[in-house]
Amino acid sequence: LASHNHNGGGADGNDAVATANASGGGAFSGVGANTLASASADMNTQLGGGGAQLRAVTGDFSAITRSGNRATTLASGLSVGIVGLGSVRGDALAGGVMTNAGTNSATPDNQATTVLAGTSVISGGDVLLQSISDQAAFSDTTAPSGGVISGASNDSSALVRRNLSASLNAGSNVNAAGAVKVSALGSGDARVDPRVGGAAALGDK
């Protein structure tokens, strides 16, 4: 078993959280806040190779790689005055590395469970090869508000990325008394909640 922030039922609560708050005052006030929260980890579980023999003579044989990546970003701005101007940006990314926040581009992480070529797996029961991933990204942004006129912009993004696999490489073999199961199971949730405030709102979401 190889595990990263996963308790067997899902992500274990070791989340990546980024928070930013900006405030300003005066007749004309321009403030902004930018946040990025990224939960990322490459995982590569490889078994055998080079003529290796892996045995579970009287029971099941299992190789499981599991991960839980959750990212949350909270960004807000407050302008107190006649005119409130500013921008708020929040980017939440689970399962990857941000390469360009402006275009919401990210490189996905890799997670694999692999029996290498030249490996024999022998089991007195079932054989299970599995990759499991629980991914979620949440972005909550509130653009500057509080002025009579609010000219604010709000950019909120939530991205879920991951390459997930489980495999028996060519040249490996399995001898099992029970079932042979190979699976890659992923769950993902991406949500954004952008808001712009002010008595008269002129901004963009």
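Where is the place of Val182? Hi everyone, let's start there: Val182 sits in strand S16, residues 180-196, where strands are DSSP runs of E with at least two residues, helices are runs of H or I with at least four, and both are numbered from the N terminus.

Before going on, a word on the model. It is a predicted one, so I kept local features only at pLDDT of at least 70 and side-chain atom pairs only at pLDDT 80 or more, while totals for chains, interfaces and linings use all residues. Residues are numbered from 1 along each chain as its sequence is written, and side-chain values use heavy atoms, with hydrogens and water left out.

Now the overall picture. The protein chain has zero helices and 17 strands. Of its 205 residues, 40% are buried; buried is under 20% relative accessible area, exposed is over 50%, and partly exposed lies in between, with a 1.4 Å probe and protein chains only. Among contacts (heavy atoms within 4.5 Å) with a separation of 6 or more, 80% join residues 24 or more positions apart.

Back to Val182, which counts as partly exposed at 39% relative accessibility. Together with Leu168 and Val180, Val182 makes a nonpolar surface patch of about 210 Å². Patch members have over 30% relative accessible area and no salt bridge; nonpolar side chains (Val, Leu, Ile, Met, Phe, Trp, Tyr) are joined within 5 Å, like charges within 9 Å. The areas are Shrake-Rupley values with a 1.4 Å probe, and for residues only the protein chains shown count as cover.

On to charges. How many salt bridges does the structure hold? There are five, each being a side-chain nitrogen of Lys or Arg within 4 Å of a carboxyl oxygen of Asp or Glu.

Take Arg70 and Asp134, whose side chains meet at 3.1 Å, N to O. Arg70 is in strand S6 (residues 61-80) and Asp134 in strand S12 (residues 127-145), so this pair ties together parts 64 residues apart in sequence. Arg70 is partly exposed at 25%, whereas Asp134 is buried at 11%.

Next, Asp109 pairs with Arg162, with the closest N and O atoms 3.3 Å apart. Asp109 lies in the loop between strands S9 and S10, and Arg162 in the loop between S13 and S14, so parts 53 residues apart in sequence are tied together. Both residues are buried.

Finally, Asp189 and Arg191 form a salt bridge at 3.2 Å. Asp189 is partly exposed at 29%, and so is Arg191 at 49%. Salt bridges with shared partners also join Arg89, Asp91 and Asp155 into one network. Thanks, everyone!
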